[in-house]
Amino acid sequence: MTAAPETPRARRAVRDVVFVDGARTPFGKAKPDGLYAETRADDLIVKVVRELLRRHPELPPERIDEVAIAATTQQGDQGLTLGRTVGMLAGLPQSVPGYAIDRMCAGAMTAATTTAAGIAMGAADVVIAGGVEHMGRHPMGFDADVNPRFVAEKLVDPQALNMGVTAENLHDKFPHLTKERADRFAVESQAKYAKALANGNIDPDLVPIAIRSSEQGWGLATTDELPRPETTFESIQGLKTPFRPGGRVTPATSSPLTDGATGAILAAGDVAAELGLPARMRMVSYGFAGVPPEIMGYGPVPSTDKALKTAGLTIDDIGLFELNEAFAVQVLSFLDHYGIADDDPRVNQYGGAIAMGHPLASSGVRLMTQLARQFEQHPEVRYGLTAMCVGLGQGGSVIWENPHHADYSGHTDEEN
Amino acid sequence: MPDTPTPSAPTERVTHSLVRDVRMPGDAGILALVTLDNGLDHTKPNTLGPAGMAELKAALEVVRSRAEAGEIAAVGVTGKPYFVAAGADLKHITSVHGHDDAVELGRAGHAAYTILGDLRAATGVPTFAFVNGLALGGGLEVALNCDYRTVASDAAALGLPETGIGLVPGWGGAYLVPRLVGVEKAVEVILTRPAANKPYKPAEALKIGLVDELFEAADFLEQSIIWAAKVVTGEIEVPRRELDPQPVWDGVVAATKAQLDTLVGASRPAPHRALELIAAARNATKADAFAAEDQALADLIMSDEMRASIYAFNLVGGGKKPQGAPDPKLAHPVTRVGVVGAGLMAAQMAFLFAQRLGVPVVMRDLDQERVDKGLDFVRETAEKLAGRGRLAPDAAARIVASVSGTTEIGEFASCDFVIEAVTEVMGLKKKVFAELEGIISPEAILATNTSALSVSEMAADLAHPERVVGIHFFNPVAQMPLVEVINAEHTSDEALATAFAVTKKLRKTAIMSADRPGFIVNRLLLLVMGQVVDAIEGGTPVEVADRALAPLGLPMPIFELTDLVGPAVAQHVLTSLRENLGDRIPASRGLAKIVEDGTRVVLDAPAKGLPKPVDPAIQEYFGPARPGEPGVLDADGVLDSVLTALTTEIGLMLDEGVVPGPQQIDLAMILGAGWGFHTGGITPYLDRTGYSEKVLGRRFLPDGVANVPA
């Protein structure tokens, strides 16, 4: 019998899981005049999957053990068991299974963590995880048949189903997170995105998408449609507060309604080594947690605590943050909780969803793909965090280790 | 002043040219992407009429000026989903009134397409076609005029079918194809494939060089644009073949000419004109070659052969909806099929029923040996098709498993559809039906595959004659696209509807015929045979008679046809027709003796693809030839007698109400006898050669329907 350790010991995965690569479509405006107004949702994710395979000819498609694709509204062109249909439409062998997954905004994140758990368990070697949301065709909550008990038993504040209202609630709860701080954060998000774009940090992850318009003919989407690089603090002061009269949340401090898809390849560390797949990040731990739905934006705090605990790390160990910007105030509430400055350079180096958009179930993998690039650029950083809030009161967090770091713990048996 | 359209001008379904700038990856610059789109769904393919062509030209002129101004780095052309274009607007082509207008039609296409062909030389900006779907005729030529081409793996078909409908590829195809893929393949593209009605699949098009790259459909346009960007930046170079040496060119042209002279002869001009253009393509300037295309196209547009071809083309397209068929809802469900007999015809039908209806099929014959032979045929056919990859192994296994054989007629008890294919003897067939009636349910449909006997008589003594319908298949059953559905005296709408429903599932074109001797195809085909043999009996040499119908351009000489059908069958049907229709159907003692002796009537073909000539030795069956003697027909005389007899007979058939109109006769002869589009089936030919007026005092079809109107 050995003595119990004084601090909780980090629980190692049965097998290491690495993030091989990620890609996404350019994000489009979820409006009738948006990039993808006449493009199918499933076609978006299919093209992402095909691009991932094209970028990795060293990966024999028959070695893929699972295709998990998330969407919040699983009907129409986002229905019919996406993971399976996407695999077939992408030309994967019929032997490759797949499934659809939903945790609202954290869909793709959950696709990644769930399949990663399968890898760690030994049930899969290589997986594709991703998400798609064509909010133009599938507005959030559209056609949902909400159980009347939610209202009758006051299980949730009816207003909690309106995400903008939950953001206003966070301003109420944390009065020091002012509209001005939120506005400044939003302006900075746009500026960081513009800089990242200029520096070539955005384009490499994008998959060009052929788009059809019955009015204009075929075109090609190669860039995000939503960013407003011209945004200044002054230019957004006059904006309306659509969620509450005299409120603080404006379109400028909210992520816009977005169409887009993301996908990633994850693999067991050993298998990545065997196949010659790059290991751009090692998954250290993840956690999901619930919060009251009316302050759903606060969700990443408890989920991050959970992931940190599992990893045996503290927030100070995290050198890079990729936080989904559903609303500026919601990110601020997270930073505020951990004592991180609003403009901390470790946070959202390429800007965030306020600039590029938030196609609900897709966003989680975008965070990962961007963190992987930042790891390459910052070998001095050992750990990074991807985190996001989830409608109806949840948070999701994944902690990653940087293989470029000098003290990298490794992901193969030999190294261990 | 507002435009007043000419009253006869058909309304054009305009294919628009939508232009959109695309930023090419890899900093390759702007691609001006032209999408051809008629704004309609996938059931209405893009076609190219004058307004659409003018729009394309206007769009490309803007593109050209932008190229000159250095604003764009490449031009792309693609189509709406699943289609580049199905070709020129045929409605417009057949409404062209004068030669000048016809020349203008060709020039208008060249004026638009040449912008794509000349842009790189003038401005350095290359042009690309992204063939994302069906590209036929003018739809492929727009791509051929571009500098580079990609094709999607799911593009339904690529080809230049023009010579098959009496035209030439006159928007650059005749000049560009031989230079692009070589003269030998060009002959295949422009002549052989259209004759076989077999356009190219994307992989085939890639293989012969009609296109430069093939990309999978899932992200075809994305990959095509990325590829185009690499071509623009020089990362990818596309090799082009040298022109074939003059002797090779001349040799291929000469060999093709010899073959055309034999197979096509003077029956229609289009293939010859196309070959002339190919011959000149090697050394002509592009301008001269395109001018020659304009002239050839115009001459052909103003030809009766071309107008008849379009009439025929439309008939075949419209044939999917049978004339006079009752409400399909009246059809009985067919869940188990019985085939009486297990001979070759029966086994072929059993296979097809099992394959296409997906129901159990039981074949019955008198002894086990014959039953086994029929089952062997089904199994061997399934294995053969599976072995060639034409049938999935599971589907082959399903067909074999679903066809059973028996000697017990009682096995038909649970069949709701029974078709007989026993020997063509009325007494036998009546006995079979009578026996069946005691076994099957009163609602079950009884069908007969008779080719010459009266279906009404066959049914006459039954308790339920209304359930009897004729379904006449042609041999070989799998390949022949036609069936004649025979509406006998007592046939009910339910039985007819069931016959049409079944034949539709069998993927056949069904034509309804009244229960008259020989129905449609055999009545006319055997009449022609009988007429030719009668001339021989009258002293015309067999070799003269054999080739006498060459001006019609039939698929084969008359004795090769006799050989294919079998002289015994021909003699049998001929005799039966004569018994029912009278002396105008000739009798031939010579043919009877040939059948008796089992003599083969033809020699082997001198080369593959050439016709089998009559064996001169069979002359002795008819007595000595007496060419030149009074009353002995020469080739023209034989042709005249055949055309006269055909006109008379068709006139009678229409009077008898065998079919509602000449269109059904034409469709039947095209699909059942393989008669050429250029004859329009047959009645347009009889109209344009004056036979209908001369013999009947009236035309079959109104002037202009299948000819150039006066």
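**A helix pair in chain B**

Modeller: In this predicted model, helix α3 of chain B, which covers residues 99-123, packs with helix α11 of chain B, residues 286-301, at an angle of about 140 degrees, and their axes are 8 Å apart. Angles over 145 degrees would count as roughly antiparallel and those from 65 to 115 as roughly perpendicular, and α3(B) and α11(B) are therefore oblique to each other. As for handedness, α3(B) passes α11(B) in a right-handed crossing. On the α3(B) side the residues that meet the partner helix are His99(B), Ala102(B), Val103(B), Leu105(B), Gly106(B), Arg107(B) and His110(B), while α11(B) brings Phe290(B), Glu293(B), Asp294(B), Gln295(B), Leu297(B), Ala298(B) and Ile301(B) to the contact. Sorted by class, this contact of α3(B) with α11(B) has seven nonpolar residues, together with four polar and three charged ones.

Stepping back to a whole chain, we can turn to chain A, which has 11 helices and 12 strands. Its radius of gyration is 20 Å, close to the 22 Å that the globule rule gives for 416 residues, so chain A is as compact as a globular protein of that length. The C-alpha trace of chain A spans about 60 × 60 × 50 Å along its principal axes, and 58% of the 416 residues in chain A are buried. Finally, if we take the contacts in chain A with a separation of 6 or more, 81% of them are between residues 24 or more positions apart.

Note on methods: Residues are numbered from 1 along each chain as its sequence is written. Chains are lettered from A and ligands numbered from 1 in the order in which they are written. This is a predicted model: local features need pLDDT of at least 70, side-chain atom pairs count only at pLDDT 80 or more; totals for chains, interfaces and linings use all residues. Axes are lines fitted to C-alpha atoms, for helices over the stretch in contact, and angles run from 0 to 180 degrees between N-to-C directions. Helices (H or I, at least four residues) and strands (E, at least two) are DSSP runs, numbered from the N terminus. Angles under 35 degrees count as roughly parallel, over 145 as roughly antiparallel, 65 to 115 as roughly perpendicular and the rest as oblique. A crossing is left-handed if the near helix is turned anticlockwise from the far one by less than a right angle, and right-handed if clockwise. Two residues are in contact if their C-beta atoms, placed from the backbone, lie within 7 Å. Ala, Val, Leu, Ile, Met, Phe, Trp, Tyr, Cys and Pro count as nonpolar, Asp, Glu, Lys and Arg as charged, and the others, Gly among them, as polar. The radius of gyration is taken over C-alpha atoms; the globule rule is 2.2 Å times the number of residues to the power 0.38. A residue is buried if 20 or more other C-beta atoms lie within 10 Å of its own, exposed if 12 or fewer, and partly exposed in between; C-beta atoms are placed from the backbone.
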